[in-house]
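Let's take a first walk through this structure together. Have the sequence and the 3D view open as you read.

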There are 2 protein chains.
Amino acid sequence: MRPVAILGIGQTKIDEQWDKSLRQIAAEAIHLALMDAGRERADGLFLGNMMSGILDRQNLLAPLAADFAGLKDIESVKIDAACGSGGAALRAGLMAVACGELESALVMGVEKMTDRHPHEVTAALATAADADYEGEMGLSFVGLNALLMRRYMHEYGWKHADFAPFAVTAHANAMHNPFARLHQKITAEDFEKSAMIATPINLLDASPIGDGAAALYLVPAETLRRGTRILVAGSASATDTLAIHDRPDPLFLSAAYRSAQEACRQAGVGPEDIDLFELHDAFTIMSALSLEACGFAERGQGVRLGLEGEILPTGRVPVTTRGGLKARGHPVGATGVYQIVEVVQQLRGECGPTQVPEARIGMAQNIGGSGSTIVTHILKRD
Amino acid sequence: MRPVAILGIGQTKIDEQWDKSLRQIAAEAIHLALMDAGRERADGLFLGNMMSGILDRQNLLAPLAADFAGLKDIESVKIDAACGSGGAALRAGLMAVACGELESALVMGVEKMTDRHPHEVTAALATAADADYEGEMGLSFVGLNALLMRRYMHEYGWKHADFAPFAVTAHANAMHNPFARLHQKITAEDFEKSAMIATPINLLDASPIGDGAAALYLVPAETLRRGTRILVAGSASATDTLAIHDRPDPLFLSAAYRSAQEACRQAGVGPEDIDLFELHDAFTIMSALSLEACGFAERGQGVRLGLEGEILPTGRVPVTTRGGLKARGHPVGATGVYQIVEVVQQLRGECGPTQVPEARIGMAQNIGGSGSTIVTHILKRD
């Protein structure tokens, strides 16, 4: 298996893009990644998407995007792991280049969510839960995360306000990311005062949906000069039960633990070596659980990293450095690719006021469902 | 890239399985493939499915199937190329094992289509067309294929009755396949007399949908003894436009041509070496177009192979030897895996009255949409 590097990145602003179609957004990200890579074509396109079939009545999105972007005839396929689709698409493209089947691959995520009524979108998102045992009960994703957050607060004695730093930091970082959905500074007081959605989750615990696409251009690492390459040094995916009631310990993201362990093993690094961590903060509770499962904090102590300022760009474990799901936005099937784009920006030193000093190793973790598919990648400047 | 072999196969009967849930059907196929392979686990699961999100409100089908089958914690991902999902899933699993990332992989396709009203299913199938230019016009898949068939008859002067052998042969072969949806012999007269659906396509031109799942167990070829191994000798996927009006020649399946050429190149064989061809006969017109694009017949002459008996198990190009989409049935996202299972059965010599004598090299071609994603595999006993 030959090492693979990320040569180009592209992303569209996450927004309500009512004047652009799904295929236009997708093609825009593809063109930006091609331009960034200095290439005109790729041998394949691996596209992550969750809900175009439901919301847009459009399947076969991969050949549609390839064709609309002018990439006639190339292999293309859609990878679907719900909100974890982006990470899963990277993993598929990675293996295709690593095994020598392709000499280059575009990996992208795209989602268009704001053309429909929010009720339709909420119902579509709920398809990532267990339809027979969770969906049938009327549980939405906010509801599922509210159950987890309440249990966490009960188990470990934290107050709701203790989660504020995750949201405040994400919003502060997004101020410097032109592609972010929200450019709005918030305070811990705003966080506590925001509207309740599903106790104890309020509006500022939750990430906004949006329309957006992001893309990567992969090549064999051997074709690039050493020193400035961005290598995919670790890649792993693991599975957990769909329904959270089936888990021995619902507060332990076992697929996060296992995929992070394996990605670290491949990259030959430990949590202490990671310069930044783009985690999947769909809700503030998920930030705490991810930090713990990946070894950055003891069980029940993930919240403390926020309270102690360790998640800031200058802290011990910088997270959501470009705004995270919380403020950059969460176009579900595209999110995992946005995370990788942002880690690449950090390793290239392109992040201005939220640049992590001397970032060389970055981790990204993309979560599908309530943790039932978790994909972890480690990138290394080398 | 190391060679990969198919060690185990499993399939459920294609039917209206109203007493079984999606996850039950999926787990059944997984268990059958594991038993056939003599294994208890696999390192990963690559699942092809098209419409569980739309029809069953269930996404994240891969971890759900893995969990329900007792395969805790393994990597799992869903691959979606509409009706071509099964072939695309095999290609993804193949690359994961070929590159050394996994030591074994389950590949499966699953679809549950009969729990909903046929109108819902027809609309869901239409998501594989171009939503903005074809779906918006009210074109269903029968409609699209009717356009192609009418054009073909006009261009090359064939009558509707000339397509009968494709349907008659498929039904005759399915009589000997216990997993087939239809066990009903038909004659050329039945074919001509059956109800019109969309001129010139009538009921017996079209394949039936159904509930079903099929699975494969992949291992590195080097772990098996030579002589009886079933190798995946060629694998390729190619893309065409989604909308048929965008094609320079709508009667030429260019993605079939390109993927077949590439798969043959990898396997070191030509059309003359192929002992059987499991093609994607969603409609009789597709059989003719596939045979032509893959080099088994001149342009406009695919129909002749049927009329001259060359598609029978004893003919020059046996097709649909276990019933094909037409009579085995077409559970869309699972179909591509059924095709591979059937080629394996032929290469193992397990097909009784429809056994192709001394079959050693088999081809399977799985089509997504009206030919916008086409995946071709060549298997070889070696």
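What follows goes from the ground rules to the domains, the chain contact, and then some local details.

## Ground rules

This is a predicted model, so a word on confidence: local features need pLDDT of at least 70, side-chain atom pairs count only at pLDDT 80 or more, and totals for chains, interfaces and linings use all residues. Residues are numbered from 1 along each chain as its sequence is written, while chains are lettered from A and ligands numbered from 1 in the order in which they are written.

Helices and strands are DSSP runs numbered from the N terminus (helices are H or I with at least four residues, strands are E with at least two).

## Two domains in chain A

Chain A splits into domain 1, made of 4-117 + 211-223, and domain 2, made of 137-206 + 232-381. Those bounds come from an automatic or database domain assignment. Between the C-alpha centres of domain 1 and domain 2 of chain A there are 23 Å.

Where do the two domains of chain A meet? On one side, 35 residues of domain 1 of chain A are in contact with 29 residues of domain 2 of chain A; contact here means that the C-beta atoms of two residues, placed from the backbone, lie within 7 Å. On the domain 1 side, β1 (4-11), α4 (85-98), β4 (105-111) and β7 (212-220) of chain A each give two or more residues. The top contributor to that side is α4(A), with eight residues. Sorted by class, the domain 1 side has 21 nonpolar, nine polar and five charged residues. For that count, Ala, Val, Leu, Ile, Met, Phe, Trp, Tyr, Cys and Pro are nonpolar, Asp, Glu, Lys and Arg are charged, and the others, Gly among them, are polar.

## How the two chains meet

Turn chain B by 180°, with a shift of 0.0 Å along the axis, and chain B lands on chain A with an RMSD of 0.0 Å. The two copies are thus related as by a two-fold rotation axis. The superposition is by least squares on the C-alpha atoms of residues with pLDDT of at least 70 in both copies. Which residue of chain B comes closest to the rotation axis? That is B:Cys99, with its C-alpha at 2.1 Å.

The contact between the chains draws 49 residues from chain B and 49 residues from chain A. On the chain B side, α2 (52-55), α3 (61-68), β3 (75-80), α4 (85-98) and β8 (230-239) each supply two or more residues. The largest share, six residues, is from β3(B). By class, the chain B side has 22 nonpolar, 15 polar and twelve charged residues. Strand β3 also links the chains directly: β3 (residues 75-80) of chain A pairs with β3(B) in the antiparallel sense over three bridges, and A:Asp80 sits opposite B:Lys78. Strands count as paired if DSSP finds at least two bridges between them.

## A covered strand in chain B

Stay with chain B and find strand β2 (residues 44-48), where five of five residues are buried. Buried means 20 or more other C-beta atoms within 10 Å of a residue's own (exposed is 12 or fewer, partly exposed is in between), with C-beta atoms placed from the backbone. On one side of β2(B) are B:Gly44, B:Phe46 and B:Gly48, and on the other are B:Leu45 and B:Leu47.

Strand β2(B) runs parallel to β3(B), joined by five bridges, with B:Gly44 opposite B:Glu75. Strand β2(B) also runs parallel to β4 (residues 105-111) of chain B, through four bridges, and there B:Phe46 has B:Val107 as its bridge partner.

## Some backbone details

Most residues other than glycine have a negative phi, and most peptide bonds are trans. With that in mind, look at A:Leu60, whose phi is near 50°. A:Leu60 belongs to the loop between α2 (52-55) and α3 (61-68) of chain A, and is buried, with 32 other C-beta atoms within 10 Å. In chain B, B:Ala82 has a positive phi near 55°. B:Ala82 lies in the loop between β3 and α4 of chain B, and is buried, with 30 other C-beta atoms within 10 Å.

For a cis peptide bond, go to A:Thr199 and A:Pro200, where omega is about 5°. A:Pro200 is in the loop between β5 (196-198) and β6 (201-202) of chain A.
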